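Student: I have a structure to study and some questions to ask. Can we go through it step by step?

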Amino acid sequence: MSNYDEVPYPDFIHPATHPGNMAAIARLHGVNAPPPESCRVLELACGPGGNLISLASLLPLSQFEGIDLSAGHVKTGNTMIGKLGLTNIQLHHGRIEDWMTEAESDEDRFDYIIAHGVYSWVPEEARQAILAICQTRLSANGVALISYNTYPGWHQRQMARDIMRYHAEGIEDPQTRLRHGKALLSSVAQNVPQGSAYRVALEEELKALEQANEAYIYHEQFEDTNRPRYFHEFAAEAGTHCLQTIAEADWGDSTYEQVRPDVASALASLPKIRRAQTLDFFRRRTFRQTLLCHQSVAVSEQLQASAMESMHFVTSSNLQGDQITGSNGLSGTVDHPATQQAIQHLVSQYPTSMSFEELCSVGESQEPVALATLKADLFNLVCVGLVSVSASPTEACREVSSHPRATDLSREQVLLGDTVTNLRHQPIRLDDTTTHLIRCCDGETDHANLIESMIAYATANGGLVDGDQVVTGEENLRPLVNAKMASNLQRLAAMALLVG
């Protein structure tokens, strides 16, 4: 693990690992998953702990434990935990295999187990230990999330990985290895006939590499172990540990989008595992985040719309008349007036969530038929990704106060980089000016002093960008900062970064 101390793994946030998300998907498949508000969570290979620290700050009545083999990672995470004063989380330095013991009591079991970014990247002994821990340490109705690289999509990525590793063989310095590996990949792509399938594949991989974090690329492409699995192989391995798959942790991963209706009908008739594997062939899938539970738990093949009644909903979509358009580019039609009223109110409450009961009370009509339609419409909007659902609420400050306060976590994170985590457990990358504004939003500084602070910051850092111009000089900056302060603070609220 010296590689991880020398090149620390990026402290990524994984929204799908939120217990509220995991519980929602499990419950919609008939699994009575434990309440996220008061659960026990274990993360294997937690890295510097960013993902788990965010969850611990969002769910203060739940308990969190993480384990990582890198002492540097654990030290970094524990430093952040100390700064935030969190008492419901512990990070441990050690091997995954050390946790492969039978639970002696309920306190030794976990309601949610997370193994994100580890299963494909460790030796066979550790892979089996991950599944064994899920078998022995998961509570009766608990849910585990394991992510892994998968075929068929990784056949193409494996080719790029092999090219880079071959060219970098014998080079010790990580940055040099990465530079040499990417250089050969680029050279090969440029010397392959234009328009050929080989060149298209290589250019796709080069584009993905250019957009990715360099430390992530290093561990993904240059570590000795990176073993993708076909989904059916992973499901079979889980079965040997008395575990079964529930679904994917990302909404929409099981839909038949971009598949012809006749093909979709044929897929729907296949057994669960075979159906999912076949769909992977259609999509050339490269990565999975699979939810698991004990084999003794009854899992429904069909989504249970009745489970929607216990859910919380949030949407960043826009509703104009009967047309709803998502920030992800998806769109749909909302026909029923009761649903239109509920969705419009949900849009106005963003980023705060609303329960099903609250949405039912919005519409003018409380007739059973209207409420049944609302439930069905919400179910469909969730399935296509236009509305998000969780088993736990999101409470965010939508109105900017006289003394704005950013979350404690985001104010610590901006001291380390440009990416923060919001109240919905989502990573948000910020520009330098917004980063400074978050630092200033301490709950004690009013708008007038925030303006003075931003003017001083802009003056010291070469001005502010306004459209296609750079504004400099205090006499020019003052009216600009005055005019934009209210909207910039409101933007922080819309990003779910304010708590006061």
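Tutor: Start with a pair: valine 41 stands opposite tyrosine 112 in strand 4. The model is predicted, so local features need pLDDT of at least 70 and side-chain atom pairs pLDDT 80 or more, while totals for chains, interfaces and linings use all residues. Residues are numbered from 1 along each chain as its sequence is written, and side-chain values use heavy atoms, without hydrogens and water.

Student: In strand 5, which residue is the bridge partner of tyrosine 112?

Tutor: Strands here are DSSP runs of E with at least two residues, and helices are runs of H or I with at least four, numbered from the N terminus. Two strands pair if DSSP finds at least two bridges between them. Strand 4 and strand 5 (residues 138-149) pair in the parallel sense over 5 bridges. In strand 5, the partner of tyrosine 112 is valine 143.

Student: How many residues of strand 4 are buried?

Tutor: Buried means under 20% relative accessible area, exposed over 50%, and partly exposed in between, with a 1.4 Å probe and protein chains only. Strand 4 spans residues 110-115 and is mostly covered. Its buried count is 6 of 6.

Student: How many disulfides does a search of the whole structure find?

Tutor: A disulfide needs two cysteine sulfur atoms within 2.5 Å. For cysteine 39, the nearest cysteine sulfur is that of cysteine 134, 15 Å away. For cysteine 293, the nearest is also that of cysteine 134, 11 Å away. The search of the whole structure finds 0.

Student: Which residues touch the most other members of the largest nonpolar core?

Tutor: A nonpolar core is a set of buried Ala, Val, Leu, Ile, Met, Phe, Trp, Tyr and Cys residues joined through side-chain atoms within 4.5 Å. The largest has 61 residues. Those touching the most other members are Ile89, Phe313 and Ile343.

Student: Is threonine 421 buried or exposed?

Tutor: Threonine 421 lies in strand 14 (residues 419-421). Contact means heavy atoms within 4.5 Å. Beyond four places in sequence, threonine 421 touches residues including Ile13, Ser54 and Leu497. Its relative accessibility is 2%, so threonine 421 counts as buried.
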